[in-house]
Amino acid sequence: MNDGKRICLTGFMGVGKSSVGRHLAQILKADRIDLDFFIEKNEKRKIAAIIDNDGVEAYRAIESANLKRLLDQTTAQVVSLGGGTWVDDDNRALIKSKGLTSIWLESTFEHCWYNIKFSHKDRPLARDKVKALELFEERKKIYCLADWHFIIKAEYSSYDIAKLIHDEYFL
Ligand code: S3P
């Protein structure tokens with residue numbers, strides 16, 4: 001039963017946080033929000049432009065401020081985070097304090113990389129495969145701090161994953 005539980009989706013770039021979030025919200029008939037989209041709307045700039053012009057550190061501060069704003073403003077049940085949001089201690093504490101359950105979508109690097117390559121989204125931190133792989137390995141130990149963990153197989157569609165989360169967590 002969907003009794004107002006709120007979740008946020010975390011995981012590496014290209015794992016499908018946005019599309020799984022979209023399907024899950026449709027299944028739940030609930031509101032969802034995508035942090036990357038929220039940031040670009042508020043900042044009136046593309047994330048890639050913020051990172052390229054201001055640097056990653058400045059972007060992280062903007063991301064944290066927008067996460068706070070998003071969680072203060074909306075009651076959306078499904079929140080898709082950016083791939084780096086969960087890495088920050090304060091962001092994780094904030095998410096917990098707002099009562100959201102965190103869900104890590106885990107997949108192989110090759111699966112994420114395949115999606116990154118075929119996506120139109122410009123991801124400054126995934127322009128170089130070797131650096132992206134390093135980031136992927138580094139972040140595993142932090143993603144695994146999430147409350148729930150779903151392993152994404154390459155043959156699953158975003159809908160399949162959303163349905164799995166729904167059946168395991170929301171039913
Ligand atoms: C980032 C992931 C991106 C975006 C930004 C930084 C990261 O979001 O927030 O480019 O540090 O992993 P997606 O995971 O939705 O691509």
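This is a predicted model: local features need pLDDT of at least 70, side-chain atom pairs count only at pLDDT 80 or more; totals for chains, interfaces and linings use all residues.
Here, Ala, Val, Leu, Ile, Met, Phe, Trp, Tyr, Cys and Pro count as nonpolar, Asp, Glu, Lys and Arg count as charged, and the others, Gly among them, count as polar.

**View 1. Who surrounds the ligand?**
The shell around the ligand holds 14 residues, and Lys17, Asp36, Arg60, Arg123 and Arg139 come nearest. Sorted by class, this shell has six charged, five nonpolar and three polar residues. Two helices to look for are α3 (47-54) and α4 (56-73), each of which gives the shell at least two residues.

Arginine 139 places a polar side-chain atom 2.7 Å from an oxygen atom of the ligand. For lysine 121, a polar side-chain atom and an oxygen atom of the ligand are 2.9 Å apart. Tyrosine 59 also takes part: an N or O atom in its side chain is 3.4 Å from a ligand oxygen atom. How much of the ligand's accessible area does the protein cover? On its own the ligand has 380 Å² of accessible area, and the protein covers 98% of it.

**View 2. The largest pocket.**
This is where you will find the ligand, which sits in the largest pocket. The volume of this pocket is about 730 Å³. Its lining is made of 32 residues, with Met13, Ser18, Asp36, Lys121 and Arg123 lying nearest the centre.

**View 3. Helices and a strand around the pocket.**
Now follow the elements that build the lining of the largest pocket. At least two residues each come from α1 (17-28), β2 (32-34), α2 (35-43), α3 and α4. Which element gives the largest share of this lining? That is α1, with four residues.

Rolling a probe the size of a water molecule over the atoms shows where empty space is left. In this model, one cavity of 30 Å³ or more is counted. The largest cavity holds about 50 Å³ of space. Its lining consists of Phe12, Trp104, Leu105, Glu106, Ser107, Cys112, Phe136, Lys140 and Tyr143. Two elements, β4 (101-106) and α7 (129-143), each give two or more residues to this lining. Sorted by class, the lining of the largest cavity has six nonpolar residues, two charged and one polar.

Terms used: Residues are numbered from 1 along each chain as its sequence is written. Side-chain values use heavy atoms; hydrogens and water are left out. A residue is near a molecule or strand if one of its heavy atoms lies within 4 Å of it. A polar contact is a pair of N or O atoms within 3.5 Å; within protein, one must be able to donate a hydrogen and the other to accept it, and residues adjacent in sequence count only if both atoms are side-chain atoms. Accessible areas come from the Shrake-Rupley method with a 1.4 Å probe; for residues, only the protein chains shown count as cover. On a 1 Å grid over the protein atoms alone, a cavity is a set of points where a 1.4 Å probe fits but cannot get out, and a pocket is an open set with protein on both sides within 12 Å along at least five of seven lines; lining residues have an atom within 4 Å of a point. A molecule sits in a cavity or pocket if more than half of its atoms lie within 2 Å of its grid points. Grid points are joined across faces, edges and corners, and a volume is the space filled by probe spheres set on the points.
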